[in-house]
Amino acid sequence: MKNVLFIAVLAGCVLLAWAAPPVSLEQGFRNPPPQARLRCYWWWLNSNVTKEAITRDLEQMKAKGFAGAIIIDAGGAEQRKNAQVPAGPIFAGPQWRDLFRHTLAEANRLGLEISLNIQSGWNLGGPTVKPEEAAKQSTWSRVQVTGPSRFDGVLEAPPRKLDFYRDVALVAYPLKHGAAPKREPIRQFDFKASLKEAGFSTPDTRPLLTDVPARPGEEDTMGTRVIDLTAQMQPDGRLSWQVPEGEWELLRFGYTASGARVSTSSQPWQGLALDYLDRGALESYWRQVVAPLIADAGPLAGRTFKYLVTDSWELGGVNWTANFRDEFRKRRGYDPLPYLPVFAGRLVDSRDASNRFLNDLRRTIGDLVAERHYAVFAELAGRHGMGIHCESGGPHGAPVDALLNLGLNAFPQMEFWAQSKTHRVRDEDRFFVKEAASAAHIYGKTFVAAEGFTTIGPHWEESIWDNLKPSFDRAVCEGLNLLIWHTFTCSPRQIGKPGQEYFAGTHFNPNITWWEQSPAFLSYINRTQFLAQQGHFVADVLCYYGDHVPNFVRLKASDPAGVLPGYDYDVCNEDVLLRRLSVNKGRITLPDGMSYALLVLPDLDVISPAAIGKIRDLVGDGATVMGGKPQRSTGLRGDDEVARISAELWGGQRTGKGRVIAGRTARQVLAADGLKPDFEFTAQPGANLDYIHRRTPEADIYFVSNQGDRPEVIDAIFRVTGKAPELWFPETGEIRRQAFFRATDDGRTTLPLPLHAYGSAFVVFRKPAGEHFISVAKDGRPAAVAVWIDGNRAASLVDAEPGQYRLTHSTGRSVTVTVPPAPEPRIIAGPWNVRFAPGWGAPAAVLFESLASWTQHADGGVKYFSGTAAYEKEIEVAAELLRPHHALELDLGEVRELAEVILNGRNLGILWKPPRRVDMTGVVHPGKNRLEIRVTNLWPNRIIGDQFLPEPQRLTRTNIRKFTRESPLLPSGLLGPVVLRSVARTNVPALPSKAQTAGQD
């Protein structure tokens, strides 16, 4: 384990490569530095890429706000009945390496960072992997014999795969109940023996620690009666042995290849998956495949070529390797040989003992995966100044301690999925970011990365505002601060548009219809990530998830400690519990700056002796620990120590400076201790909000997300006092200081917070509260309105309903403001002249008498159009709409999907989410104004329309075969209504100064 810790420190040091000149919070928010910008999964589909396409992609990434990409050479184009794409050069072959060197040169020229998936596809392996280097599983054969007698024969060789087999042991044991006992088998045996993955989506693996109720005397044999006959067996399996009296079973036990293979590779890169328990297997692969690629990078390795990765584990179960018996003995403190009959379905000693042995087996597998694979991977990369960011924590139920693996990364990486109607529909199957976030926080990493927006089912159909944005925002609330967009497919120009695509993922590359408009959304992502990378995460609870394997952190809403809503938490593993936790003034602390009020134990009656020993030390130093009393050790050793320390800690006597609490939720304990929720709100029933909080020495930074499809105006309460709230809007980079807030009686700050449907905002506290308004009443009733204050201390009511407002100041004085009625909104009616981009089947221009979806138009070129069309109109603006202290907004109503507004030749921006409003003030003038609205839809309609055409006449070219003549069309275009709306910005009399109020009541 010491070696694992060293590699973890080394991995953290790689992050220093991202160090950049410091920028202020405001500077970084408005213009995010490279470390805050998104990356992408850059798909080299079936290796079919060209130098021209590589250069175009990298230049476009740079132009649109990316900081880099992961090269993912892989197949998968043909899945889900799609067409295969042409094959390119074999991964890591001479032609491929020429493309790779070109990529690094171009990325270096552009200042982009490159990561490389070190194979084609995933499940690390390929054609160089020999069966002895491949993933392995146990295998056995057995025969029953009756004594006393002489056995002289050949024991049948156990089943094998790939003609590979190695013996481990031959054991004999008496059978208490004969060959076929009448009892329940061990429940979920294949998962417990790590013969299969334990589940699909970061499964709850606590049930693997339990079984059906035991019955007295049901055991098949006793470990003390297991006889090791290994030395007596000849290499061909021949044995000569005097069988003692009774019914006996001979078990020939060994291991063979699991048969796991590389998944989803480009066609030539087929082969076996590596043995993740064998350091030598990885080192052999490194020498043959990875080292030449690093050599190709030359001085760019560690600079432009920064990271190496492998994707998620999907290779099924593994449970043995060479020298596994010795490694087990070293780690668990006993020889597994007497328990080998458990692999054959026998109960040794007892049902409980057999299950505990299987947990020791899985724990050893998990240790070896971390120490012999991911730690070695990080070590080998670190020799070249590089780091790793593997998806080493699932979400498939691999036999791993997920947090231990992720802690070895330069930055932890997991994944989250966009919405799909057919695949990973439940939140539990979509969001896996809390695990990466916990790993980052407990191992002292800044960046929390995730493969994001993965989908299976949709193709170019995911809308930004009600799918991508809320999915991203929720991931941010789980801790995400570095999106790696899945997927950006390299598609050579000659393929056509929309081009070649992977069967999964939200397609995003220069071939999408809204590529030129994408910086509007990408800027939102990058600004959000910049603030989400600042300081430290704020959490009140640290949950220990136990020492069993497999073990995963599930989505945030799983709430293992019972602290939601309003509080937040991290999860830690045994490694961090033992080696990184200490206590400072009653708080549980980590050396990197994180601290927690409470440590919560898992909902289990088992624990390792090492873990409970450390918990005793923490309590002695002043920690508060919450959870039920453990009854025994997780594995086969240490029950006496666990019982002794448990009796000490849960015995009702105070132990040291701290305390142990049982029978209550963490939320109850925090409330009893007077620690108020970090974030609360009041809203209309059904409101669905989430948040995350980070803190720097200078600022508290809250991100608040409305996950609902309706606007909300909430009264938000933040656990901050004495500071003024500011609203930072990542979609625009705008910062507004809120002049209306108040301190609560319990030492927090409350303010009204308006959020649009799926809206979000940062609330930042960094400056002294100063003078401000503490209440606002409209016509005598409390009102939740926005009162903004600018740099000159001038305050104004924004978008307030007409009426009389009384604002009470923190000095005790009040001011009265009257908001006059605004002019009635004016609908801009048709006709509209609509110009369509050439080359995609629509007429050059069409007159729309009224606004309607393009799909309703009689002209097939319009009906099936995909791309950008410009709505042009001369509008008459009445002078009465341009009142002093009012803004004139243009409200586009419904748009499918994005709109860019140009007024009198001035570009007013891209609208990609509701409300699709833009401020025209200062550009609009009384009388005639020239309005242009460029609207962009998505690809499916044109692809569907092409199905009615002979193939040579089709305008689109792609391998995706989802769309047919019967496929439904997507509503498209400007649907409106388009409205001119006058919005009051009523000035508030100047805030009285302290001097003016001195001595006044």
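Aspartate 429 is buried, at 12% relative accessibility (buried means under 20% relative accessible area, exposed over 50%, partly exposed in between, with a 1.4 Å probe and protein chains only). Its salt-bridge partner is arginine 426, with the closest N and O atoms 3.2 Å apart. Arginine 426 is partly exposed at 48%. This is a predicted model: local features need pLDDT of at least 70, side-chain atom pairs count only at pLDDT 80 or more, and totals for chains, interfaces and linings use all residues. Residues are numbered from 1 along each chain as its sequence is written, and side-chain values use heavy atoms, with hydrogens and water left out.

**Salt bridges**

- The count comes to 76 salt bridges (a side-chain nitrogen of Lys or Arg within 4 Å of a carboxyl oxygen of Asp or Glu).
- Side chains of opposite charge can pair when their charged atoms come close.
- Helices (H or I, at least four residues) and strands (E, at least two) are DSSP runs, numbered from the N terminus.
- Arginine 101 is partly exposed, with a relative accessible area of 34%.
- Aspartate 335 and arginine 325 meet at 2.7 Å, N to O. Aspartate 335 sits in the loop between helix H7 (324-332) and H8, and arginine 325 in helix H7, so the bridge ties together parts 10 residues apart in sequence.
- Shared partners join Lys51, Arg97, Asp98, Arg101 and Asp296 into one salt-bridge network.

**Nonpolar cores**

- The largest nonpolar core has 263 residues, and Trp42, Leu308 and Trp485 touch the most other members. A nonpolar core is a set of buried Ala, Val, Leu, Ile, Met, Phe, Trp, Tyr and Cys residues joined through side-chain atoms within 4.5 Å.
- Helix H8 (residues 351-382) gives the most to this core, with 15 residues.
- A second, separate core has 23 residues, including Phe679, Leu689, Phe718 and Val798.
- Leucine 308 has contacts beyond four places in sequence with residues including Leu116, Ile118, Trp286, Phe377 and His389 (contact means heavy atoms within 4.5 Å).

**Helix packing**

- Helix H3 (residues 51-64) packs against H4 at about 25°, with the axes 10 Å apart. Axes are lines fitted to C-alpha atoms, for helices over the stretch in contact, and angles run from 0 to 180 degrees between N-to-C directions.
- H3 and H4 are therefore roughly parallel (angles under 35 degrees; over 145 is roughly antiparallel, 65 to 115 roughly perpendicular and the rest oblique).
- Among the residues that meet there are Lys51, Ile54 and Leu58 in H3, and Asp98, Leu99 and His102 in H4.
- Helix H11 (residues 464-478) and helix H12 (residues 519-532) pack at about 10°, with axes 12 Å apart. H11 and H12 are therefore roughly parallel too.
- Their contact residues include Ile464, Leu468 and Phe472 in H11, and Phe521, Tyr524 and Ile525 in H12.

**A buried lysine**

- Lysine 556 lies in the loop between strand E17 (541-544) and strand E18 (569-572). Lysine 556 is buried, with a relative accessible area of 3%.
- Leaving aside neighbours within four places in sequence, lysine 556 is in contact with Lys434, Cys477, Glu478, Leu564, Asp568, Tyr569, Asp690 and Tyr691.

**Backbone exceptions**

- Most residues other than glycine have a negative phi, and most peptide bonds are trans.
- The bond from arginine 896 to glutamate 897 is cis, with omega near 15°. Glutamate 897 is in the loop between strand E47 (894-896) and strand E48 (898-903).
- The bond from glycine 976 to proline 977 is also cis, with omega near 0°. Proline 977 is in the loop between strand E53 (973-976) and strand E54 (979-988).
- Leucine 162 has a positive phi of about 60°. Leucine 162 lies between strand E5 (136-154) and strand E6 (165-174), in the loop, and is partly exposed at 40%.
- Aspartate 349 has a positive phi near 70°. Its place is the loop between H7 and H8, and aspartate 349 is partly exposed at 24%.
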